[in-house]
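Subject: Structure handover

Hello,

Please find the structure below, for your own work.

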Amino acid sequence: MDRIRILGGKPLIGTILIGGAKNAALPLLAASLLTSKTLRLTNLPNLADITTMVHLLAELGVSVSRPRNESNGRHVARTISLTAAEPKEKTAPYNLVRRMRASVLVLGPLLARWGEARVSLPGGCAIGTRPVDLHLDALRSLGAEIELEEGYIRAIARRGLKGNKVHFPSVSVGATENALMAAVLADGETIISNAAREPEVVDLAHCLVAMGAKISGVGTDTLSVSGVSQLDGAEHRVIPDRIETGTYAVAAAITGGDVLLEGSHLGLIGAVSDTLSKAGVAVTKEHAGIRVRRQAEHTLGTDVMTDPYPGFPTDMQAQLMALLSVSRGASMVTESIFENRFMHVPELCRMGADINVHGSSAIIRGVPELSGAPLMATDLRASVSLILAGLAAKGETIVNRVYHLDRGYERVEDKLAACGADIERVTEDQE
Ligand code: UD1
């Protein structure tokens, strides 16, 4: 299994190109199931989770075409054309769904288009119990009959879905996306209230509108959908990844560097840039992207609570904690979205961080310096937080089990090394 070796202490200086957003691309790929015409997506990131979703769609009978790279015959991952003419399968099998929770996003589109779907109950990151009840309740409101049998969700809408009121008791990104994709082909009007407002939900809505869907209220917590009988093809560019943007912003801050995050924009990272500013990091708009640099010798502790968008994203909590662990003073980080999302804490403490967890909050007392250590990555964002800590630490850090990282970060070690970090990937056969 690959590991990442870092020799800390080098300031990051240079430019990092921000890729397309994984969490926008996944529902956009699933949206291809809604039409018999071709959906062409550009600016796709080259990540394991994207490959898993493409495999799943191919399994369901979607024909997938990707331009090949002339020089080496390998796929160029940035552009993909998907055509879901006829289903081969209406079952999303356990062996693919268990690898990635977002596979459940095929449920709404399959059901809306074909009136039935069978999707394995998902697995995914080990961050607490992550149920799918909100997805299922939303689809039931649209007239689906849903049963759980032998580890599978079985959903049927024999006479098609019917528009209705869908109210979410709590905000869910994936359930909003599933409900939206189902509602666009339902008969009549659907009002989705307490909908997630994440930029990835907005990106999906824009793509669906380009395919001919009738949606209003995009970007608010109330989406009104007037169902249409069929959708067309479209071409759509995936938005930049705000979590990748925020992660490299922290990398610049924690190493005392100066980095241009090319292709991203401030509008995507409001809460993260506000928090970094409070910590003493300059985050400014540039023509080509966002520039991030630490303003003083030390960053400052600050309190933060994760929240649905436009709040501080839970997917940036672990990375911020790495920065706060070497910031001056005390900070409190409260995780309000997921339980069990402090798995990076014991590893950061092994590097010398002073962090105490009380329920869903962590108190971080900044230390002058972390020291390198062998570490174990647990989930996607925890893995990258350990890499950030390693970039700032004294001595050598080895992050083991980095396959989590490859689910969400493209060529992380190359991007960091190009800005002066001393970092390399060690594959098993090199050892
Ligand atoms: C998405 C993101 C993930 C991010 C999360 C929160 C993708 C592919 N993943 O995940 O990176 O961390 O949003 O911003 O876009 N919940 C239920 N029942 C449900 C669904 C969710 O109780 O049916 C709970 C979850 O356990 C969690 C909260 O709702 O506590 C929010 O989860 P949700 O927004 O659904 O996250 P995902 O869409 O899975």
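Which element gives the largest share of the shell around the ligand? That is α5, with three residues. Please keep in mind that this is a predicted model.

Ligand site

The ligand is surrounded by 20 residues, and the closest are Asp 133, Leu 134, Ser 172, Asp 315 and Ile 337. By type, the shell divides into nine nonpolar, six polar and five charged residues.

- Ser 172: a side-chain N or O atom is 2.6 Å from a ligand oxygen.
- Arg 101: a side-chain N or O atom is 3.1 Å from a ligand oxygen.
- Val 173: here a backbone N or O atom lies 2.8 Å from a ligand oxygen.

On its own the ligand has 730 Å² of accessible area, and the protein covers 84% of this. Two or more residues of the shell come from each of α1 (22–31), α5 (133–141) and α6 (173–183).

Sheet

There is also an open sheet of four strands with mixed pairing, in the order β18-β19-β21-β20. At its edges are β18 (304–305) and β20 (354–358), each of which pairs on one side only. Strands β19 (residues 330–334) and β21 (residues 361–365) run antiparallel and are joined by five bridges. Ser 331 has Ile 364 in β21 as its bridge partner.

Helix α10 (residues 317–324) lies across β18, β19, β20 and β21. The helix α10 runs at about 170° to β19.

Regards

Methods: Residues are numbered from 1 along each chain as its sequence is written. This is a predicted model: local features need pLDDT of at least 70, side-chain atom pairs count only at pLDDT 80 or more; totals for chains, interfaces and linings use all residues. Side-chain values use heavy atoms; hydrogens and water are left out. A residue is near a molecule or strand if one of its heavy atoms lies within 4 Å of it. A polar contact is a pair of N or O atoms within 3.5 Å; within protein, one must be able to donate a hydrogen and the other to accept it, and residues adjacent in sequence count only if both atoms are side-chain atoms. Accessible areas come from the Shrake-Rupley method with a 1.4 Å probe; for residues, only the protein chains shown count as cover. Ala, Val, Leu, Ile, Met, Phe, Trp, Tyr, Cys and Pro count as nonpolar, Asp, Glu, Lys and Arg as charged, and the others, Gly among them, as polar. Two strands pair if DSSP finds at least two bridges between them. Contact means heavy atoms within 4.5 Å. Axes are lines fitted to C-alpha atoms, for helices over the stretch in contact, and angles run from 0 to 180 degrees between N-to-C directions.
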